[in-house]
Amino acid sequence: MLAQIVSKNYKIENSHTLEVALKNGVYEAAKKGFTLGKEAITDEVEKSGLRGKGGGGAAAGPKWRLVIKEEEPQKYLAINCDESEPGTFKDRTILEQDPHLLIEGAILTCFAIGANHAYIYIRGEYVAQADMMNAAIDEAYAAGILGEDVLGSGFKLDMTLHRGAGAYICGEKTALLESLEGKRGHPRLKPKKPECEWYFGKPTLVNNVETIASVPFIVGSGADAYRSYGTEKSPGTLLFAASGHINNPGVYEAPFGIKMIDYINEVCGGIKNGKKLKAVIPGGSSCAILTAQEAEKVHLDYEDMRNYGSSLGTGGMIVMDESVDMVKALKNLMEFYHHESCGQCTPCREGTGWVDKTLARILEGSGSKEDIEILLENADTMNGKTICVFAPAVSGVIYSYLSKFRSEFEAYLEKSDV
């Protein structure tokens, strides 16, 4: 059931060091890539069906070509390691266990798109991981793997690790770029037609850590080898991060398409203390929640998850047993989203706060029968009326809890004196 594309070196002692990385094949794909050429690398990535592993799941190849087609000598790669979504902690394992794989992926990507500078934007809370990544970057410069002549190819590439200041919204790619430019992390308005991102007005590719770390396998082993995992529309693997009421929480790489319940039972050791499964947040807290019945049927791929009204997101599964109070669970999430709204758009800024306050009133026993409708009206106001997808995602979370566990909200209101 498990696979090893990104995580193949995880269990090797000192796998984060350059010496051990070289012994285990890291940078061999980069050498092959320089021989193949830029177009061949991009073709292989496109044929592999590689999809972004930061939550959106967009095809990587076409996204690369948006940067390639821009006739601008100065281009950039921005690697998104903000990873602030509750329940998501997979990308940090790459920095901890195999940072040179990420550097190799960045080399191949930058060579293909014509970029000579790569930035890794990492959340400020990842202090230890930032130190490990910086140590790997220093090793790579000292060995001639980064710098003026990458691996003797004549290709120049510099890499900079940039630490964020703890804002969740900077995981949104345009807010990330605003922050990287030294401005407040506010999402940008989206263009009317597909185009690349822009860093200081220059063409820029923004990809997630695991997406970039998957490129060496694709170039080294070929698109068909990558497609031998997963499904036709969701090829390859994902580092699934599992937490909550399970016996073996952790990060385990698995092919897309396996059943969620099998992953929970066979990989994560099942539900703790012999209790029953109640619900699962499938891909980080901004994904619509699934009931136990849905979790027993759904497969871990983008298409099937959509069939159940949710999304795979980052694969950060939060597993809940029968003891969980769903009203309290939603309140906990809404406190987070209320705090982390960047405040740029009124429906998001005010909507998250209003929902948070309404849930607090329900839990305090001073709610009214109209509160459920108030929550639904707020969710509707937040959906599709903002610059970025923060508010629409939160809206979907609210809808999912109220539609699937409405009786728990009504039970609180029945006890209310109002």
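1. Basis. This is a predicted model, in which local features need pLDDT of at least 70 and side-chain atom pairs count only at pLDDT 80 or more, while totals for chains, interfaces and linings use all residues. Residues are numbered from 1 along each chain as its sequence is written, and side-chain values use heavy atoms, with hydrogens and water left out.

2. Cavity. A cavity is a set of points, on a 1 Å grid over the protein atoms alone, where a 1.4 Å probe fits but cannot get out; lining residues have an atom within 4 Å of a point. The largest cavity holds about 80 Å³ of space, volume being the space filled by probe spheres set on the points, with grid points joined across faces, edges and corners. Its lining includes Ile169, Pro187, Cys342, Cys345, Cys348 and Cys388. By class the lining has nine nonpolar, two polar and no charged residues. Here Ala, Val, Leu, Ile, Met, Phe, Trp, Tyr, Cys and Pro count as nonpolar, Asp, Glu, Lys and Arg as charged, and the others, Gly among them, as polar.

3. Second largest pocket. A pocket is an open set of grid points with protein on both sides within 12 Å along at least five of seven lines. The second largest pocket has a volume of about 240 Å³. Among the residues lining this pocket are Leu2, Tyr10, Lys11, Thr93, Glu96 and Tyr252. Helix H5 and strand S7 (250-255) each supply at least two residues of the lining; helices (H or I, at least four residues) and strands (E, at least two) are DSSP runs, numbered from the N terminus. The lining divides into five nonpolar, four polar and three charged residues.

4. Glu96. Glu96 lies in H5 (residues 91-97) and is one of the residues lining the second largest pocket. The side chain of Glu96 makes a polar contact with the side chain of Gln129 (2.6 Å). A polar contact is a pair of N or O atoms within 3.5 Å; within protein, one must be able to donate a hydrogen and the other to accept it, and residues adjacent in sequence count only if both atoms are side-chain atoms. Not counting residues up to four places away in sequence, Glu96 touches His16, Gln129 and Met132, contact meaning heavy atoms within 4.5 Å.

5. Nonpolar cores. A nonpolar core is a set of buried Ala, Val, Leu, Ile, Met, Phe, Trp, Tyr and Cys residues joined through side-chain atoms within 4.5 Å; buried means under 20% relative accessible area, exposed over 50%, partly exposed in between (1.4 Å probe, protein chains only). The largest core has 60 residues, and Trp64, Leu102, Ile103, Ile107 and Ile120 have the most contacts inside it. Helix H6 (residues 99-113) gives the most to this core, with ten residues. A second, separate core of 47 residues includes Tyr121, Ile169, Ala175 and Val355.

6. Thr109. Thr109 also belongs to H6 and counts as buried because its relative accessibility is 0%. Beyond four places in sequence, Thr109 touches Trp64, Leu77, Leu205, Ile212 and Val215.

7. Ile258 and H11. Ile258 sits in the loop between S7 and H11 and counts as buried because its relative accessibility is 14%. Ile258 and Met1 are 257 residues apart in sequence and 7.7 Å apart in space, C-alpha to C-alpha. In H11 (residues 260-267), Met260, Ile261, Tyr263, Ile264 and Val267 are buried. Just after H11, Gly269 takes a positive phi of about 80°.
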